[in-house]
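Reader: Please take me through the surroundings of the ligand in this model. Start with the fold as a whole, then go in close.

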Amino acid sequence: MTVVAIDGPAGSGKSSVSKGAAVELDYAYLDTGAAYRALAWFCLENGVDTLGPSEIIEALDDFDYEIGTDPEQYFVRVGGEDVVEAIREPRVTAVVSSVARVPEVRSFLTELFRTIIRTTEKPGIIVEGRDITTVVVPDAEVRILLTASEEARMARRSAELSTESAAITAQQLSSRDAQDSRVVDFMNAADGVVTVDSTELDFEQTVSAVVELVRDAA
Ligand SMILES: Nc1ncnc2c1ncn2[C@@H]1O[C@H](COP(=O)(O)OP(=O)(O)OP(=O)(O)O)[C@@H](O)[C@H]1O
Ligand SMILES: Nc1ccn([C@@H]2O[C@H](COP(=O)(O)O)[C@@H](O)[C@H]2O)c(=O)n1
């Protein structure tokens, strides 16, 4: 089985490009950010203080999480409830970094990701996040840092949103990167990690660049 690990900052295209490449390769797709978001959502729903590590760690006992790895049948559920849209709400995005910085949360979710990767039935899996190339699967067959200039990432994110101003969007994106960067380094490629800079590429070109790297490694 081929494991493709992709890291990168917010808005660099990790989810959309990984999904597109997984469809083209007939691979599974694992969105690891969804788990951190789902835990943050679960904490908010249950009145857990997202700044209090011990409460968050306690919440893990009741965190009943499921994610689909078929890129064409993506789902995320907590306690059987569909949370695909809820976990993208700004209130969740605003607190996810505080939840993700708790070491016990990271090791709990890392084990969960490794189990999902191990039990994949497809010929390969694309796993994307912030610490996939360095912590979750540092021995992956293909390791990619997907980047784009902050300007390009902000423009892409702003184009998606009709209700939020570009300025607020830009601020959220860079402040989340700043917080996340204190926990894991996803701005610099580790040894053996190939950088794909999509600043000057369109979406299809970026998917093709990833697919080509995977085919070259096979
Ligand atoms: N090469 C590209 N050219 C133009 N738009 C792109 C490109 N790659 C991704 N996009 C668009 O940029 C937006 C952000 O992409 P995506 O949500 O996949 O990023 P992400 O890295 O997963 O972000 P986050 O970490 O915040 O979840 C999407 O609207 C996506 O379609
Ligand atoms: N491997 C990862 C993936 C994500 N995070 C944290 O989750 C947040 C949401 O991730 P998205 O990819 O959905 O934007 C992100 O801001 C990180 O705080 C992580 O720590 N490690």
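Author: With 218 residues, the chain would have a radius of gyration near 17 Å as a compact globule; its value is 16 Å, which agrees. That radius is taken over C-alpha atoms, and the globule rule is 2.2 Å times the number of residues to the power 0.38. The model is predicted: local features need pLDDT of at least 70, side-chain atom pairs count only at pLDDT 80 or more, and totals for chains, interfaces and linings use all residues. Residues are numbered from 1 along each chain as its sequence is written, while chains are lettered from A and ligands numbered from 1 in the order in which they are written.

The chain holds nine helices and eight strands. These are DSSP runs numbered from the N terminus: helices are H or I of at least four residues, strands E of at least two.

Now the ligand. Around ligand 1 stand 18 residues, and the closest are G13, K14, S15, S16 and R156. A residue is near a molecule if its C-beta atom, placed from the backbone, lies within 6 Å of it. Two or more shell residues come from each of α1 (14-25), α7 (150-160) and α9 (203-217). Helix α1 gives the largest share, four residues.

By class, the shell has four nonpolar, nine polar and five charged residues. Here Ala, Val, Leu, Ile, Met, Phe, Trp, Tyr, Cys and Pro count as nonpolar, Asp, Glu, Lys and Arg as charged, and the others, Gly among them, as polar.
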